[in-house]
Amino acid sequence: MPDIWRLLQEAIDYGIDYGADFIEARAENMRRLYIHMERDKVRDIESGELIGLGVTAVVKNARGYAFTTNLTSESIKKAVKDAVESAKASTKIAELPATPAEYKPRNYEGYMPQVNKHPKDSEISDKIELALQGIKEVLSSEIVSLRTVYGEIWGDKYFLNSEGLKRFWNPIMVGLYYFVVVRRNGVIGNGREDMSASTGLELFDKHPPEGIAKTALRGAREVTEAKTLQSGKYGFIADPSFAGVLAHESFGHLTEGDYVATGASILAGRLNEKLGSDYANIIESGDPVNYGFWLPYDDEGVDAKKVTLLKNGVLVGYLHARSTAKIMNMEPTGNARAINYRFPPIVRMRNTYFGAGDMTKEEIFELVGKGVYAEGGGGGQTEDTGNFTFAANRAYWVENGEIKYPLKSVVVRGHILDFLKNVEGASRNVIVETSILGGCGKGGQSPLPVGLGGPYLAVKEAIISFGR
Amino acid sequence: MNEISVPSVNELIEIGSRIIQKTKDFGLDELELYFSATDRFSLRIITNYVTTSTGLDQGVGIRAVIGKKVGFTSISSFDIEKIEEAVKIAAKIAKNRPEDPGFHHLPDPQRGLNQGGIYDEEIVSTSLSELVNISGKSVDNGFKTSENVEKIDFSLGRAVGAFAVVNSRGIDEGDRYTVIYSWSTAKTKKNDDVTTGSEFFVGRKMNRDEILEVPVEAVKNAEEMFNGKKLGEAVAGQIVLYNAVVQDFLWPLEFNVSARNVQDGRSRFVEKIGERVGSENFNIINDGTIPEGIRTSKVDGEGIPTRKLEILRNGILQSYIYDSYTAHKEGRTSTGNAARRNFETPPSPSFNNIYIASTFSGDVNDLIKEVDKGVFIKGFTMGSHLTDPLKGTFSITSLNAFYIESGEIKYPLKSVSASGNFFDLIRNVLKIANDHRLTFNGKIPSMLFDNVTFI
């Protein structure tokens, strides 16, 4: 490996010489391994190494970004030139300045994941064994299809800017995913479950593959018995996973500084306004809490500190890169992320979750009494208008505070401001999750690893539709 | 500035052939190298906040085979020594992994290359500053369209690339491409009424006029939504899908005709070849040869010639789409449908372009005239990726839709959700227009379906 720090410094020096007012250079060496299994056979083993360097140049009020995978002085100089030239070309059309806000460097002080069994120290055969533990647990004659994916990503990230800010850290994530299709009484049902975290393989000591696979199987079986209801408004309970989809999709995107600074978000100009009930708290952080994605520094070298977005229903924060913070005269929050060297950092989320309340899970169920309980997210989408659509992984009908039967293909939709006002309670323990497969999409940068979660949430009513 | 320096297909094949030679004594039975180099430029304007990005993305995906054991690795470099090292890594994975009884061998060369897709020198030679200027002008045009414009979000991308596949069984093919695309969303406001609209353009040839109009159309689409109402109660009826949004509803088709999903029991079309899965008037072909098609290329991600392949004829399922792995399992040869997300992943079956045949010569307005009671979805859909391709249930919301009664648009809909099941939807095709639009997925016309619920 060439001397990365020397190359980054060259990029900075060359950029300033070439006419930039401010330069950031980042490099990464990331490894990945995905083991794909069909039933109990190994199909593909996909390993890879991605090495690249990217440069952001700010010239007057505009910024440009360029990258290269050739870590040579010559290629890096070309990237710097391209970044500076595209910044210069953009100065005419950039009305909102892209200059960075001041940042007094702070070190990340949140939870640091313990990595006892780093995946690089384990053989592929050990990982196959891990996947097989879950497979053997569920494989039976009712299984029509069983897909398992073991995944790991880890590596080195380097950052340097023309202010002399230097950062180095090692991203890590491991995960196991099961997708099950069963046939029962002539009916096909599919279910899935995923357990990932920014830790080493010790994750699966605490969360054995058998359990993960069984949950996926349960979901698949339930689909074969699931009932459907009339679409409409219902009382609603979200499990931590579904709460996470809500926090990330319904709220998080609307607090992203680029949407806010340009007025594109409906939350622009509404700081200190009460938008939700007293029980609605939403937090955003590089701290994974427990099973989220660990991010100590963003791709501008800013520490990924905890940001409270919603406090007892009041909007108290936005997510910022240094440039959006500058536009709004706020502090950078460490939310500038790029999925890899091919892209410039833009405002993205890290771990987004509903805050804890003071109820127990049972009390949450009793509070809602009758309605729909959604377990796990199936992804979702929110528009700048605040309209959202989210799918549940598994869902159940609840009556007298008890789960009665599974429901078909539940999709929750509505407007986020209505939804947050309807949060009636939150349980005490927050679980934040991430995934080795999939993530967040924005500006063509997908999938970006993120964490999302929360406690159990009681919601007075939500608009729900069901599969037919 | 930014001279595009993508290697030629022949240069990539050269490197591949050398590697095949140099690794002859690595103990492998077979070897495949997939090279990909793309010069990418992208620009995003959120109202007046601009970000640009440029660079040459390149790398190699390597499949090393020992018997029935395949190891895959990828690196982001064309350096011969690094590639050799990577071959060693892939070989080690192959050596140490369990057999895959389903694997037969890498593909053999097939004859019959098509002419490939349009490669536009003008896209290649347009400078970065010119692209930035066009973007600025486009957004200006958008704002000038109406005094009601509040915000415009605009994106422009240009990709110039080449790929090549070289394998130890004699395949040495590749292709090159040029793509330009642009999309825009606009927010308009009249009194207290705030509406949004969107538009996009994609092509293999430079088209300044189209790009300059994208935000204008987005604004017009937004303004069409003023005085929108909500449906109030659930309505069951017909749905007209504008060509731009058809794919949002039909994408589960690709999942279910992938031979991989079929063979692995993850498709509702298992054992359905020759059976009716769609309406009698529904004809779809997979076509890797359309000159302007975005997914056109001479060969697929394994170096196999792409072609026209009938998927649905009169609603009857004609074929699955295969890569070499799935084809060999059935004693066939690949249909040229092996795609890779990028050089970092091994191939798997995927459509080239899809072409849906029309049932008459009219356009979307003629479809609207046929609707008793229903909704016209023109654009701005959300939630299409939430459709479970195996269950088929969909619930897609649109912010650019209209209520139709007795063949006439009555009013714009503030927001409407269309629910149903994909497998029922394709059996309920009433009419298909002749207003094909080039999208990222193929040439898609507007369509009229029966039996969808709206709320």
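Okay, a definition to begin with: helices (H or I, at least four residues) and strands (E, at least two) are DSSP runs, numbered from the N terminus. With that in hand, G371(A) sits in strand β15 of chain A, residues 371-382. G371(A) has 1% relative accessibility, so it counts as buried; buried means under 20% relative accessible area, exposed over 50%, and partly exposed in between, with a 1.4 Å probe and protein chains only. Its C-alpha is 8.5 Å from that of E461(A), although 90 residues separate G371(A) and E461(A) in sequence.

Quick housekeeping. This is a predicted model, where local features need pLDDT of at least 70 and side-chain atom pairs count only at pLDDT 80 or more, while totals for chains, interfaces and linings use all residues. Residues are numbered from 1 along each chain as its sequence is written, chains are lettered from A and ligands numbered from 1 in the order in which they are written, and side-chain values use heavy atoms, with hydrogens and water left out.

Staying in chain A, look at T72(A), in the loop between β3 (62-68) and α2 (73-90). At 38% relative accessibility, T72(A) counts as partly exposed. L7(A) is 65 residues away along the chain, yet the C-alpha atoms of T72(A) and L7(A) are separated by 7.7 Å.

Then there's helix α5 of chain A, residues 209-225. Its 17 residues reach 25 Å from first C-alpha to last, close to the 24 Å expected at 1.5 Å a residue; the expected span is 1.5 Å times one less than the number of residues. Among the buried residues of α5(A) are P209(A), I212(A), A213(A), A216(A), L217(A) and A220(A).

The search runs on a 1 Å grid over the protein atoms alone: a cavity is a set of points where a 1.4 Å probe fits but cannot get out, a pocket is an open set with protein on both sides within 12 Å along at least five of seven lines, and lining residues have an atom within 4 Å of a point. Grid points are joined across faces, edges and corners, and a volume is the space filled by probe spheres set on the points.

How many cavities of 30 Å³ or more turn up in the whole structure? Six. The largest cavity is about 150 Å³. It has 14 lining residues, and the closest to its centre are D44(A), R63(B), Y325(B), P346(B) and P347(B). β2(A) gives the most to that lining, with three residues. By class, the lining of the largest cavity has seven nonpolar, one polar and six charged residues; Ala, Val, Leu, Ile, Met, Phe, Trp, Tyr, Cys and Pro count as nonpolar, Asp, Glu, Lys and Arg as charged, and the others, Gly among them, as polar. Domain 1 (9-221) and domain 3 (268-356) of chain B both contribute residues, so the largest cavity lies between them.

On to the second largest pocket, at about 760 Å³. Of its 30 lining residues, N387(A), H415(A), K230(B), K414(B) and S415(B) are the closest to the centre. β6(B) supplies the largest share of this lining, four residues.

Last stop, a chain B sheet. Six strands form an open sheet with mixed pairing, in the order β10-β9-β8-β13-β20-β19; two strands pair if DSSP finds at least two bridges between them. β10 (316-317) and β19 (437-438) are the edge strands, each pairing on one side only. β9(B) and β10(B) run antiparallel and are joined by two bridges, with L312(B) partnered by L317(B) in β10(B).

Methods. Domain bounds come from an automatic or database domain assignment.
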